[in-house]
Amino acid sequence: MPASDLPSPRQGDAELMAATARGDAAAFAELVRRHHSRAWRLACRFLGDPAEAEDIVQEAFLRVLRAAGRYRPTASFPTYLHTVVGRLCLDWARRRRPEYPGE
(Lines give C-alpha, C1' and ligand atoms only; values in the text may rest on other atoms or scores of the structure.)
Protein backbone atom coordinates (compact mmCIF):
# COMPACT_ATOMS: atom_id res chain seq x y z
CA MET A 1 0.00 0.00 0.00
CA PRO A 2 1.52 3.36 -0.96
CA ALA A 3 2.39 5.63 1.95
CA SER A 4 -0.11 8.20 0.65
CA ASP A 5 -2.92 5.68 1.21
CA LEU A 6 -2.08 5.11 4.87
CA PRO A 7 -4.08 6.95 7.52
CA SER A 8 -2.33 9.95 9.02
CA PRO A 9 -1.44 9.62 12.70
CA ARG A 10 -3.13 13.01 13.11
CA GLN A 11 -6.46 11.77 11.78
CA GLY A 12 -9.08 11.70 14.47
CA ASP A 13 -11.01 8.59 15.37
CA ALA A 14 -14.23 9.98 13.87
CA GLU A 15 -12.43 10.51 10.55
CA LEU A 16 -11.08 6.98 10.72
CA MET A 17 -14.57 5.62 11.37
CA ALA A 18 -15.89 7.56 8.36
CA ALA A 19 -13.10 6.10 6.23
CA THR A 20 -13.85 2.63 7.61
CA ALA A 21 -17.48 3.08 6.57
CA ARG A 22 -16.23 3.76 3.04
CA GLY A 23 -14.34 0.46 3.11
CA ASP A 24 -10.88 1.72 4.07
CA ALA A 25 -9.25 -1.28 5.75
CA ALA A 26 -6.16 0.74 6.73
CA ALA A 27 -8.33 3.19 8.66
CA PHE A 28 -9.94 0.34 10.57
CA ALA A 29 -6.52 -1.19 11.27
CA GLU A 30 -5.42 2.15 12.71
CA LEU A 31 -8.44 2.23 15.03
CA VAL A 32 -7.60 -1.28 16.23
CA ARG A 33 -3.94 -0.32 16.71
CA ARG A 34 -4.90 2.75 18.75
CA HIS A 35 -7.53 1.18 20.97
CA HIS A 36 -6.97 -2.58 21.23
CA SER A 37 -4.88 -2.59 24.38
CA ARG A 38 -7.26 -0.32 26.32
CA ALA A 39 -10.26 -2.43 25.27
CA TRP A 40 -8.43 -5.62 26.23
CA ARG A 41 -7.50 -4.26 29.66
CA LEU A 42 -11.12 -3.32 30.31
CA ALA A 43 -12.39 -6.75 29.28
CA CYS A 44 -9.65 -8.52 31.23
CA ARG A 45 -10.48 -6.59 34.42
CA PHE A 46 -14.14 -7.46 34.02
CA LEU A 47 -13.71 -11.11 33.05
CA GLY A 48 -10.50 -12.02 34.85
CA ASP A 49 -9.46 -14.21 31.92
CA PRO A 50 -7.02 -12.90 29.27
CA ALA A 51 -8.15 -15.37 26.59
CA GLU A 52 -11.85 -14.57 27.11
CA ALA A 53 -10.97 -10.87 27.10
CA GLU A 54 -9.29 -11.25 23.71
CA ASP A 55 -12.39 -12.98 22.33
CA ILE A 56 -14.59 -10.17 23.64
CA VAL A 57 -12.33 -7.49 22.13
CA GLN A 58 -12.30 -9.24 18.75
CA GLU A 59 -16.10 -9.41 18.80
CA ALA A 60 -16.26 -5.74 19.82
CA PHE A 61 -14.12 -4.66 16.90
CA LEU A 62 -16.17 -6.80 14.52
CA ARG A 63 -19.30 -5.04 15.76
CA VAL A 64 -17.63 -1.66 15.35
CA LEU A 65 -16.66 -2.59 11.79
CA ARG A 66 -20.20 -3.72 10.93
CA ALA A 67 -21.68 -0.55 12.45
CA ALA A 68 -19.16 1.89 10.93
CA GLY A 69 -21.73 3.31 8.51
CA ARG A 70 -24.12 4.06 11.37
CA TYR A 71 -21.51 5.55 13.71
CA ARG A 72 -22.23 9.13 14.79
CA PRO A 73 -19.55 10.83 16.87
CA THR A 74 -21.85 12.05 19.63
CA ALA A 75 -19.23 10.81 22.10
CA SER A 76 -15.55 10.03 21.68
CA PHE A 77 -14.64 6.80 19.92
CA PRO A 78 -13.02 5.37 23.09
CA THR A 79 -16.31 5.93 24.92
CA TYR A 80 -18.20 4.21 22.10
CA LEU A 81 -15.80 1.24 22.10
CA HIS A 82 -15.87 1.07 25.92
CA THR A 83 -19.67 0.77 25.74
CA VAL A 84 -19.50 -2.03 23.17
CA VAL A 85 -16.90 -3.94 25.20
CA GLY A 86 -18.82 -3.39 28.44
CA ARG A 87 -22.07 -4.71 26.98
CA LEU A 88 -20.32 -7.77 25.58
CA CYS A 89 -18.75 -8.43 28.99
CA LEU A 90 -22.14 -8.15 30.68
CA ASP A 91 -23.64 -10.56 28.13
CA TRP A 92 -20.75 -12.96 28.78
CA ALA A 93 -21.32 -12.76 32.54
CA ARG A 94 -25.07 -13.37 32.17
CA ARG A 95 -24.49 -16.46 30.03
CA ARG A 96 -22.09 -17.91 32.60
CA ARG A 97 -24.05 -16.99 35.72
CA PRO A 98 -25.13 -20.10 37.57
CA GLU A 99 -28.86 -20.60 37.63
CA TYR A 100 -30.46 -21.03 41.01
CA PRO A 101 -33.75 -22.78 41.67
CA GLY A 102 -36.62 -20.36 41.94
CA GLU A 103 -35.20 -17.71 39.62
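1. Let's start with G23, which is exposed in this predicted model: its relative accessible area is 62%, and since the cut-off for exposed is over 50%, the label follows. G23 sits in the loop between α1 and α2. Along the chain G23 and A68 are 45 residues apart, yet their C-alpha atoms are separated by 9.3 Å.

2. Buried or exposed, then, at 10% relative accessibility? A67 counts as buried, because 10% falls below the cut-off of 20%. A67 belongs to the loop between α3 and α4.

3. Setting aside neighbours within four places in sequence, L65 is in contact with T20 and F28. The C-alpha atoms of L65 and F28 are separated by 7.4 Å, although the two residues are 37 apart along the chain.

4. Now for the overall layout. Of its 103 residues, 32% count as buried. The accessible surface comes to about 6800 Å², and carbon and sulfur atoms hold 54% of that. As for contacts with a separation of 6 or more, 54% of them are between residues 24 or more positions apart.

5. In soluble globular proteins, nonpolar side chains tend to be buried together. Here the largest nonpolar core has 26 residues, and the members touching the most others are M17, A43, I56, F77, L81 and V85. Each of α1 (13-21), α2 (25-47), α3 (50-66) and α4 (77-96) supplies at least two residues of this core. Which helix gives the largest share? That would be α2, with eight residues.

6. Not counting residues up to four places away in sequence, F77 touches D13, M17, L31, H35, V64 and Y71. F77 also turns up on the α4 side of the contact with α3, and again among the α4 residues that meet α2.

7. D13 is in helix α1 and is buried, with a relative accessible area of 16%; the label follows because the cut-off is under 20%. Leaving aside neighbours within four places in sequence, D13 is in contact with L31, R34, H35, F77 and P78. L31 and H35 are also on the list for F77.

8. Next, the α1 and α2 pair. Their axes come within 8 Å and cross at roughly 140 degrees, and that makes α1 oblique to α2. The crossing is left-handed. D13, L16, M17, A19 and T20 are the α1 residues here, and they meet A27, F28, E30, L31, R34 and H35 in α2. T20 and F28 are the two residues already mentioned as contacts of L65.

9. How do α3 and α4 sit relative to each other, parallel or oblique? They pack at an angle of about 125 degrees, with their axes 9 Å apart, and are therefore oblique to each other. This crossing is right-handed. From α3 the contact uses E52, I56, E59, A60, F61, R63 and V64, and from α4 it uses F77, Y80, L81, V84, V85, L88, C89, W92 and R96. Among these residues, I56, F77, L81 and V85 are also on the list of core members that touch the most others.

10. Last pair: α2 and α4. Their axes come within 10 Å and cross at roughly 35 degrees, and the crossing is right-handed. On the α2 side the residues are L31, H35, R38, A39, L42, A43, F46 and L47. They meet F77, P78, L81, H82, V85, G86, C89, L90, W92 and A93 of α4. A43, listed here for α2, is another of the core members that touch the most others.

How values were computed: Residues are numbered from 1 along each chain as its sequence is written. This is a predicted model: local features need pLDDT of at least 70, side-chain atom pairs count only at pLDDT 80 or more; totals for chains, interfaces and linings use all residues. Side-chain values use heavy atoms; hydrogens and water are left out. Buried means under 20% relative accessible area, exposed over 50%, partly exposed in between (1.4 Å probe, protein chains only). Contact means heavy atoms within 4.5 Å. Accessible areas come from the Shrake-Rupley method with a 1.4 Å probe; for residues, only the protein chains shown count as cover. A nonpolar core is a set of buried Ala, Val, Leu, Ile, Met, Phe, Trp, Tyr and Cys residues joined through side-chain atoms within 4.5 Å. Helices (H or I, at least four residues) and strands (E, at least two) are DSSP runs, numbered from the N terminus. Axes are lines fitted to C-alpha atoms, for helices over the stretch in contact, and angles run from 0 to 180 degrees between N-to-C directions. Angles under 35 degrees count as roughly parallel, over 145 as roughly antiparallel, 65 to 115 as roughly perpendicular and the rest as oblique. A crossing is left-handed if the near helix is turned anticlockwise from the far one by less than a right angle, and right-handed if clockwise.
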